[in-house]
Amino acid sequence: MTGHRGNVKCIEFVGEEGRSIASGSSDNTLRIWDTETSAVTVLEGHTSRIWDASSTKAGGFVASASGDGNLWELKGAKPTCAATLTGHCGDVYSVKFHPSESHVATGGYDKVVRLFDVNTGTIVKTFSGHQLSVSKTIFNPLGNLIERHDSPRFLFAFLPPLTNSSKDNTIKFWDIVSGLCIRTITSHLGEVTSVEMNASGMLLLSSSKDNSNRLWDVRTVSNNADIDHQILIIMEEKSGSCVQHASSHIFPVQGIVLEKPIRKLKGHQNTSKNFIRAGFAHSNLIVGGSEDGIVYIWDQETGEVLQKLRGHDGGPVYSAVWNNRQSLLASCGDDRTVRTWCWREDGTFEQIPEVSWENELYEGGEFGQRVDEVSSKSPPVRQEKVHTIISHVLCKPDINGLVYIICVGHVQELEISIL
């Protein structure tokens, strides 16, 4: 997807359905792309480059972080700026909606994390403690209480809802109610460029300019806001090193906190650019950008590099994000593009070609050749069923007024009609 006039710093699928993608760029614009047609809506109003974007679950609102923070309403025919969030001194590098969608958290150059009320646009709380800029701010997807059922045992752990990374090489966990920093991870040897949590809230992924992505078990690095810094763990009777023949125990954090990640993911390059980010994908994958212009895919369980996606035309890939509903991966980079990659049945990703109306569908062009059962020499019959992997369907009228079908990507089958 092309159109940005500067490098693309961030991307975000809009809503859980992911039918569109928001991209922020150094050209000071936020663009909303339709994932099927690549149609784009340009949102203008920022006065400096856009570093981050966040969407509500339904996709009705998108927040963007720049020299300021804007809240965009996407409902209706024309998106509008619903609010501008002010209070930071310098660029805002991160913005994230709270799971309740009533608040957003922002962080940036001034080292402070701010919590805004979405309805009023006012700051309701600030979190200070970092020595350098805040690069990314996220919430635990389930809030303060994480509940996990894993028969025949179960575990309840009170976990901090707000986490952020910083250029001071640290990751901090904050309790929203008290405003206290209740845990700090100091293991990274370089600036921490991003943090993400998986859907269960149990795993934390961090990216750093020490050339590593690290995977953490949040239950071993966090605690509640009690003055004794304790974490409450309740388990059914089980055998193991932690609890044996116990129904409930309270452990001091010092006894269970580990500064060692459960996995280190390497092979990519992240040493100097702002900001190379990584995230979770599919059921057990990690995806991330790299300064060498490649999207990296890691196995979450082993840390092995499974695939390197080449397609960006030079310069860093800043971010790669996954949408489960669409089975689609999107990436953005220094080449001013947003690229999409579809999940294949063999467990790998394939880039979806950019749509161009100049491609001849039935003259042996690349689009025509992707659909095996449709002849490249003659139009398809009315209502021909195509048994292939298709996701993007576009219509192109020829000189005789017939509508030809361009198919790109992945779904199970498609009814093709000539109108």
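**Reading the model step by step**

Author: Start with the inventory: the protein has two helices and 36 strands. Keep in mind that this is a predicted model.

Reader: How many residues are there in the protein, and what percentage is buried?

Author: Buried residues account for 55% of the 419 residues. Then look at sequence separation. Take the contacts between residues at least 6 apart in sequence: 47% of them join residues at least 24 apart.

Reader: Let me try one residue. Where is Gly15?

Author: Gly15 sits in the loop between strand E1 (8-13) and strand E2 (20-25).

Reader: Is Gly15 buried or exposed?

Author: Buried means under 20% relative accessible area. Gly15 has 11%, so Gly15 counts as buried. Now check its contacts. Beyond its neighbours within four places in sequence, Gly15 is in contact with Ser55, Thr56, Lys57, Ala58, Gly59 and Asn323. Ala58 is 43 residues away along the chain, yet the C-alpha atoms of Gly15 and Ala58 are separated by 4.9 Å.

Reader: How do I read a nonpolar core? Which residues have the most contacts inside the largest one?

Author: Look for buried nonpolar residues whose side chains are joined. The largest nonpolar core here has 15 residues. Ile11, Phe13, Ile21, Ala330, Cys332 and Val338 have the most contacts inside it. At least two residues of this core come from each of E1, E29 (317-323), strand E30 (328-333) and strand E31 (338-343). Another core, of twelve residues, lies apart from it and includes Leu285, Val317, Trp322 and Phe349.

Reader: What does Ile11 touch?

Author: Leave out residues up to four places away in sequence. Ile11 then touches Ile21, Ala22, Ser23, Ser319, Ala320, Val321, Ala330, Ser331, Cys332 and Val338.

Reader: And Cys342: is it buried or exposed?

Author: Cys342 is found in strand E31. Its relative accessibility is 2%, so Cys342 counts as buried. Trp322 is 20 residues from Cys342 along the chain, and their C-alpha atoms are separated by 10.0 Å.

Reader: Now the empty space. How is a pocket found?

Author: Rolling a probe the size of a water molecule over the atoms shows where empty space is left. Here the largest pocket has a volume of about 1400 Å³. It is lined by 45 residues, and those closest to its centre are Glu12, Lys96, Glu196, Met197 and Trp322.

Reader: Which element gives the largest share of that lining?

Author: Strand E29 does, with five residues. Among the other elements that give two or more are E1, strand E5 (52-55), strand E9 (92-97) and strand E19 (192-197). By type, the lining divides into 19 nonpolar, 16 polar and ten charged residues.

Reader: What about backbone angles? Which residues should I check?

Author: Check phi in residues other than glycine. Glu101 has a positive phi of about 65°. Glu101 lies in the loop between E9 and strand E10 (103-108). Its relative accessible area is 27%, so Glu101 is partly exposed. Ser327 also has a positive phi, near 50°. Ser327 is in the loop between E29 and E30, and is partly exposed at 30% relative accessibility.

Reader: Which residues does a cis peptide bond join?

Author: Asn274 and Phe275, with omega about -10°. Phe275 is in the loop between strand E24 (263-265) and E25.

Reader: Last, what does UniProt list as "repeat: WD"?

Author: The unreviewed entry lists residues 1-43, 85-126, 146-184, 185-226 and 283-308. Over residues 283-308, the model is 0% helix and 54% strand.

Conventions:
Residues numbered from 1 in each chain as written. Predicted model: local features only at pLDDT ≥ 70, side-chain atom pairs only at ≥ 80, totals over all residues. Heavy atoms only, no water. Helix = DSSP H or I, 4+ residues; strand = E, 2+ residues; numbered from the N terminus. Buried < 20%, exposed > 50% of the residue type's maximum accessible area, 1.4 Å probe, protein only. Contact = heavy atoms within 4.5 Å. UniProt positions renumbered as here; feature names shortened; annotations may be inferred. 1 Å grid on protein atoms, 1.4 Å probe; cavity = no way out; pocket = protein on both sides within 12 Å on 5 of 7 lines; lining within 4 Å. Points joined across faces, edges and corners; volume = space filled by probe spheres on them. Nonpolar A, V, L, I, M, F, W, Y, C, P; charged D, E, K, R; others polar. Core = buried A, V, L, I, M, F, W, Y, C linked by side-chain atoms within 4.5 Å.
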